[in-house]
Amino acid sequence: MMSKEWKLLRALIKDKASLIKATVSTKRTVSTMNRAVIKATTRTSTSPPPDYRIATVLNLGHETIPSARACVESIMDRLHSTHDPYVALKCLILLHHIITTKGSSILKDQLSFFPLNGGINSLILTRFRHKSKSDTWELSLWVQWYASVLERNLVTSRILGFSFYLISSSNSNPIPSTEFDLLRELDSLVSLVEEICKAPQSLNYQKMDLVHEIMLLVSEDYRFAQLQIKMRLEGLEDSDTIDRLSRDESTELISCLKRLEDCWPKLIEMFANRKRNDAFWELTSQMKIKLELMNERRERGRLVLWKDDRERLWRELTR
């Protein structure tokens with residue numbers, strides 16, 4: 001077994017080598033960005049990147065489109081070239097801050113280009129594994145999960161047409177113009193909540209500063225997704241859209257709400273009631289029941305019409 005001191009020394013050497021390699025770049029913007037990213041994602045600490053390191057990376061990336069591109073590419077290169085779960089998780093934290101930052105949209109635009117395109121810039125890290133069989137191997141599961149949450153976050157933002165971090169409770173987003181848009185957006189939002197609920201079972205890892213920070217960031221993803229779902233359900237309740245839903249559409253929406261309700265136990269476990277929001281779950285349940293009753297009434301109406309048609313046909317045949 002490698003001693004703790006030797007592991008730390010080897011991590012220091014690797015970080016120093018990475019910094020030297022970053023300095024070699026002929027482009028000053030790229031070199032500066034690579035150094036900032038490496039310093040924010042060191043191997044020598046199991047803590048999350050310090051705020052000032054994150055701020056340095058974001059500030060460099062906000063300057064111009066080329067600098068934003070260099071920022072995202074540098075983080076992605078670092079993410080996809082490492083087998084160290086601590087480095088990978090720190091890279092993902094940087095990407096998460098790009099998604100949630102309230103600053104320039106340049107960085108978001110660069111990052112939003114990547115989901116579903118495949119290739120080196122993809123956040124799909126299902127094959128990420130740490131070679132060690134120690135506890136760091138289990139952290140690989142957290143890397144895979146966290147990357148999937150961020151990927152789903154970006155996909156959902158694309159479907160909604162905006163980053164839902166930019167929408168506050170006082171700045172309500174209008175209900176989608178068509179029933180298809182409503183169902184698609186709700187499905188994507190619920191898919192994000194489902195992805196969050198796939199967190200590894202080893203929740204004791206939240207005691208680790210790095211994982212605890214990740215859980216705080218992801219809990220904000222959940223809070224914003226919950227807000228967007230709530231706004232759509234309230235808008236649906238206050239409009240005649242619900243009456244325009246076909247049986248297939250209402251059935252699809254019921255299924256979507258059931259999927260959301262199935263997430264509730266895991267969410268309570270993950271966030272220890274911090275994001276309980278009983279009013280939200282009551283609204284979800286009431287909307288599901290309302291849709292089920294509407295479908296039942298429609299079904300009874302169809303049965304009455306079918307019986308009337310059958311009786312009418314029988315009378316005609318027996319005249």
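A salt bridge here is a side-chain nitrogen of Lys or Arg within 4 Å of a carboxyl oxygen of Asp or Glu. The model is predicted, so local features need pLDDT of at least 70, side-chain atom pairs count only at pLDDT 80 or more, and totals for chains, interfaces and linings use all residues. Residues are numbered from 1 along each chain as its sequence is written, and side-chain values use heavy atoms, with hydrogens and water left out.

**View 1. Glu185 and Arg232 pair up in a salt bridge.** Their side chains meet at 2.9 Å, N to O. Glu185 sits in helix H8 (residues 179–196) and Arg232 in helix H9 (residues 209–237), so this pair ties together parts that are 47 residues apart in sequence. Helices here are DSSP runs (H or I, at least four residues), numbered from the N terminus. Are these two residues buried or exposed? Both Glu185 and Arg232 are buried; that word means under 20% relative accessible area, while exposed means over 50% and partly exposed is in between (1.4 Å probe, protein chains only).

**View 2. Asp187 reaches Arg259.** This salt bridge comes in at 2.8 Å, N to O. Asp187 belongs to helix H8 and Arg259 to helix H11 (residues 247–262), so the contact ties together parts that are 72 residues apart in sequence. Asp187 is partly exposed, at 32% relative accessible area, and Arg259 is partly exposed too, at 21%.

**View 3. Lys288 meets Glu261.** Here the side chains form a salt bridge of 2.8 Å, N to O. Lys288 is in helix H13 (residues 278–317) and Glu261 in helix H11, so to speak distant parts of the chain, 27 residues apart. Lys288 counts as buried at 15% relative accessibility, whereas Glu261 is partly exposed at 21%. Across the whole structure, a search finds 7 salt bridges.

View 4. A disulfide is a covalent bond between the sulfur atoms of two cysteines; the rule used here asks for a pair of cysteine sulfur atoms within 2.5 Å. How many disulfides does that rule give? The count comes to 0. Cys197 is buried, with a relative accessible area of 13%, and Cys263 counts as buried at 6%.

How values were computed. Helix = DSSP H or I, 4+ residues; strand = E, 2+ residues; numbered from the N terminus.
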